[in-house]
Amino acid sequence: MRRIALLVALLSTAATLPAQAVDDGLLMPRKTLSTGVMYSHDSWSEYWEGTLKRSNGNIGTLTTQTTTLVGHYGVTNRLTVVGMLPYVSTQASQGTLHGLSGVQDVTLAAKYRVFSTALTQNGTLSAVLVGAAGLPVTNYTPDFQPLSIGLASRRATGRFTLHFETTGSWFIEASGAHTWRNKVTLDRPAYYTNGQLYLTNEVAMPQVAEYKASTGFRKKRVFIPISITQQRTLGGSDIRRQDMPFVSNRMDFVKAEGSLMYGLTVPTDLAVQVGAARILSGRNVGQATTIMVGVLHTFHL
């Protein structure tokens, strides 16, 4: 990391940075592949039990570390495919609960630019449609929240993004998404949630809506996005008082996030990214602070 920081300070030219996320309005150029590793450190000591904000001595501070392999490939100038595979580990600082670790869910997505047109003389407006699917790749348990590494639900997401970029390289965009989630199977014959006993091991998962607004700067070797994201679960119940979270609980939040990506010339087409995020408000989620760092390399095929 010291060598990378030194390179960032010394280098002064690099190629324009490509798209790096499923939920932004940017695409890879044709026959261009970007691959790399992203690491995030997420921690919280307070959470919302329904609307009640509290701490828990049986958990203390919950830490989640995620290392994700990512890849983006420009099939054409209007179509980019994306793949992500995370390894997740969790740990509680207090109590007797042991953390879990393992490979979580693979995500595959396709981003398609519907149109791109000049909007007056100030910049360009474009629209992007995204279709994504995810499924667990290991047999991890979702029934040990909040220490489970995921929800173990197969899912499909549709997203629409409007992106406006000025001639001065500033941009603003708005995005909305809807996620459908399949049933989850538990390792027990019955469960209690939402005031009712269910004599089955299958749990119906509520759908999820997400809204995101972003702004920032993108020019040659520098990419600085800042965003606000709101997630709303379309159904589900609250965590019961003094109980563990359940896999189908409503999980709502508002999150602020910012990052900096810097493109290097030595090694050629290498980029480093750092960022941070904070949950501002929520329901049945922890008030988490997340620190992110990543390295990506672009190949021109």
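**A walk through strands, a patch and a serine**

Strand S7 gives the nonpolar patch its largest share, 3 residues. Before we go on, note that this is a predicted model, in which local features need pLDDT of at least 70 and side-chain atom pairs count only at pLDDT 80 or more, while totals for chains, interfaces and linings use all residues. Residues are numbered from 1 along each chain as its sequence is written, and side-chain values use heavy atoms, with hydrogens and water left out.

Tyr112, Val114, Phe115, Leu129, Phe160 and Leu162 make a nonpolar surface patch of about 490 Å². Two or more of its residues come from each of strand S7 (105–119) and strand S9 (155–166). Strands here are DSSP runs (E, at least two residues), numbered from the N terminus. Patch residues have over 30% relative accessible area and no salt bridge, and nonpolar side chains (Val, Leu, Ile, Met, Phe, Trp, Tyr) are joined within 5 Å. A salt bridge would be a side-chain nitrogen of Lys or Arg within 4 Å of a carboxyl oxygen of Asp or Glu. Areas come from the Shrake-Rupley method with a 1.4 Å probe; for residues, only the protein chains shown count as cover.

Leucine 129 has a relative accessible area of 43%, so it is partly exposed; buried means under 20%, exposed over 50%, and partly exposed in between.

Now find serine 153, in the loop between S8 and S9. Is serine 153 buried or exposed? Its relative accessibility is 4%, so serine 153 counts as buried. Leaving aside residues up to four places away in sequence, serine 153 touches Gly134, Pro136, Arg181, Asn182, Val184 and Met205, where contact means heavy atoms within 4.5 Å. The side chain of serine 153 also reaches the backbone oxygen of asparagine 182 at 2.7 Å.

Finally, turn to the paired strands. Two strands pair if DSSP finds at least two bridges between them. Strand S1 (residues 32–44) pairs with strand S4 (residues 62–74) in the antiparallel sense over 12 bridges, and serine 43 has threonine 63 in S4 as its bridge partner. S4 also runs antiparallel to strand S5 (residues 79–92), joined by 13 bridges; with 4 residues between them, S4 and S5 form a hairpin. Another hairpin is made by S2 and S3, with 2 residues between them, and glycine 50 in the turn has a positive phi of about 70°. There, tryptophan 48 has lysine 53 in S3 as its bridge partner.

Terms used
Patch = residues over 30% accessible without salt bridge, like charges linked within 9 Å, V, L, I, M, F, W, Y side chains within 5 Å. Buried < 20%, exposed > 50% of the residue type's maximum accessible area, 1.4 Å probe, protein only. Polar contact = N/O pair within 3.5 Å; in protein donor to acceptor, adjacent residues only side chain to side chain.
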